[in-house]
Amino acid sequence: MKTAYVVRGLLLPLAFLLFPCPAPPVAAGDAETPLPVEKSSLLKDRETIYVLEGRKTIPAGVEITLQKGVRLVGRGGAVLVVEGQFVAHGIEGTRIDISGVTIVPGDEVQQLHLDRCDFAGGGVVTEPDRSTDGMITLENCDFGDAPVDVAIRAGKVKLMSIQCGSVLRVRGVAPPDKRNKAEASIRTSSLRGGVDIQGVDDVTVRGNQIRGATAFFKDNRTLAFDANTIEAGTLAFEQSEAGNFKRT
């Protein structure tokens, strides 16, 4: 039996299309160097633009760290697959610019941690029919209209004080004959495009401003939803099987 609780309005189908966004032009005279991915590197030169061409992978065991003021520019449909660790730490007033780069958490990402990053195009997504297991932390980031759309079968997704203009999506994927062990926490964020969280084992949504057409939560085993401001559209909680609201 399918049960649902819907607040105001009708749910509309949600679709996700990822269109490549060209990186903005680089000012004349800026030094450029390819983004290193093969060995652990600390990148802190604010006079250099790090360029990602096409598809590259940070392998397991490798950590690439970007510090305040660093610029990362993608060209040629740039995709950065993170199996190892990709860490970017800006500070207030000296943030990190990431333009035209789609960051893809790998099958078993060791760590993806972005703090005070500004996106122009790209985004953070898992690829179609793939999921991830690991630690993803996005905090104090402004994604503009770039997507945040991740499928996770285990591990944690922590989103804190982010701004997102597209629909924020987190999908739990269960391994065969098992329950997924994924956790998702979304706190104090501005979600202008709405939010869609489905099939995650443990979800906390707290203190957010949600302005999009839909805030949709389906088949999450445990859900804590409190202190959020819903400014427009539909708020809906749905369970495919009767009795599963007891942990909401």
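# Briefing on an all-strand predicted model

The structure holds one cavity of 30 Å³ or more. The model is predicted, and its protein has zero helices and 25 strands. Of the 248 residues in the protein, 46% are buried.

**The cavity**

- The volume of the largest cavity is about 40 Å³.
- Its lining consists of Phe217, Lys218, Asp219, Asn220, Leu223, Phe237, Glu238, Gln239, Phe245 and Thr248.
- Two or more lining residues come from each of the elements β22 (214-218) and β25 (234-239).
- With three residues, β25 gives the most to the lining of the largest cavity.
- Rolling a probe the size of a water molecule over the atoms shows where empty space is left.

- Among contacts in the protein with a separation of 6 or more, 44% are between residues 24 or more positions apart.

**The nonpolar core**

- The largest nonpolar core has 55 residues, and Phe86, Ile103 and Leu114 are those with the most contacts inside it.
- Strand β14 (residues 148-160) gives the most to this core, contributing five residues.
- Neighbours within four places in sequence aside, phenylalanine 86 is in contact with Ile58, Ile64, Leu66, Leu72, Leu80, Ile103, Gln111, Leu112, His113 and Leu114.
- In soluble globular proteins, nonpolar side chains tend to be buried together.

**Strand β10 and its partners**

- Strand β10 spans residues 111-115. Four of its five residues are buried, so β10 is largely enclosed by the rest of the structure.
- Strand β7 (residues 85-89) pairs with β10 in the parallel sense, over five bridges. Within this pairing, valine 87 is opposite histidine 113 of β10.
- Strand β13 (residues 132-139) also runs parallel to β10, and four bridges join these two strands. Here histidine 113 is opposite threonine 137 of β13.

**Aspartate 115, a buried residue of β10**

- Aspartate 115 lies in strand β10. Its relative accessibility is 9%, so aspartate 115 counts as buried, the cut-off being under 20% relative accessible area.
- Apart from neighbours within four places in sequence, aspartate 115 is in contact with Ala88, His89, Gly90, Glu139, Asn140 and Cys141.
- One of these contacts, asparagine 140, is 25 residues away from aspartate 115 in sequence, and their C-alpha atoms are 5.6 Å apart in space.

**Pairing of β14, β16 and β19**

- Strand β14 and strand β16 (residues 168-172) pair in the parallel sense over four bridges. In this pair, isoleucine 152 has glycine 172 of β16 as its bridge partner.
- Strand β16 is in turn joined by four bridges to strand β19 (residues 195-198), and the two run parallel. Leucine 168 has valine 195 of β19 as its bridge partner.

**An open sheet of four strands**

- Four strands form an open sheet in the order β15-β18-β21-β24, with parallel pairing.
- Strands β15 (163-164) and β24 (229-230) stand at the edges with a single partner strand each, so one side of each is left without a neighbour in the sheet.
- Two bridges join β24 to strand β21 (residues 209-210), and these strands run parallel. The bridge partner of glutamine 209 in β24 is threonine 229.

**Residues with positive phi**

- Most residues other than glycine have a negative phi, and most peptide bonds are trans.
- Threonine 188 has a positive phi, near 45°. This residue is placed in the loop between β17 (181-187) and β18 (190-191), and threonine 188 is partly exposed, with a relative accessible area of 47%.
- Aspartate 219 also has a positive phi, near 55°. Its place is in the loop between β22 and β23 (222-226), and aspartate 219 is partly exposed at 29% relative accessible area. Asp219 is also among the residues that line the largest cavity.

Conventions: Residues numbered from 1 in each chain as written. Predicted model: local features only at pLDDT ≥ 70, side-chain atom pairs only at ≥ 80, totals over all residues. Heavy atoms only, no water. Core = buried A, V, L, I, M, F, W, Y, C linked by side-chain atoms within 4.5 Å. Buried < 20%, exposed > 50% of the residue type's maximum accessible area, 1.4 Å probe, protein only. Contact = heavy atoms within 4.5 Å. Pairing = 2+ DSSP bridges. 1 Å grid on protein atoms, 1.4 Å probe; cavity = no way out; pocket = protein on both sides within 12 Å on 5 of 7 lines; lining within 4 Å. Points joined across faces, edges and corners; volume = space filled by probe spheres on them.
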